[in-house]
Amino acid sequence: MLIVESEHDDIIPHPGIANYMAAFEKARSLTYRVIKGADHGLSEEPWQQAFTTLLVNWATEMVLGAREGGADPEMPARASAFVPKAVAG
């Protein structure tokens, strides 16, 4: 499961994201990322690029992990913020 939060999302605020994360806490794989500065619609090009990069990297990790026998179910969910270079200040 991949959950991506836009830092300044006024449609799905952080408590909604927290609910999604709680609902999937027993998922075999849960990845949570925040796109810093982004709004819900990813209205700026750097945010769109950041989302695309996140999605492609995550999908690649999942495919490679599946080929290698899958993720370790004992491994904790990863959480981090994603700051696209063009937006970082």
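Here is a quick tour, from the overall fold down to single residues.

This is a predicted model, in which local features need pLDDT of at least 70, side-chain atom pairs count only at pLDDT 80 or more, and totals for chains, interfaces and linings use all residues. Residues are numbered from 1 along each chain as its sequence is written, and side-chain values use heavy atoms, with hydrogens and water left out.

**Confidence**
- The average pLDDT (the predictor's confidence in each residue, from 0 to 100) is 84, and 76% of the residues score at least 70.
- Residues 73-77 fall below 50, and this stretch has 2 contacts in the model beyond near neighbours in sequence; a contact means heavy atoms within 4.5 Å.

**Fold**
- The protein has 2 helices and 3 strands, and along the sequence they run β-α-β-α-β.
- Helices (H or I, at least four residues) and strands (E, at least two) are DSSP runs, numbered from the N terminus.
- Take the contacts between residues at least 6 apart in sequence: 73% of them join residues at least 24 apart.

**Inside**
- Of the protein's 89 residues, 24% count as buried, meaning under 20% relative accessible area, with exposed over 50% and partly exposed in between (1.4 Å probe, protein chains only).
- Ala50 sits in helix α2 (residues 45-67) and counts as buried because its relative accessibility is 2%.

**Met1**
- Met1 lies in the segment before β1 (2-6), and its 33% relative accessibility makes Met1 partly exposed.
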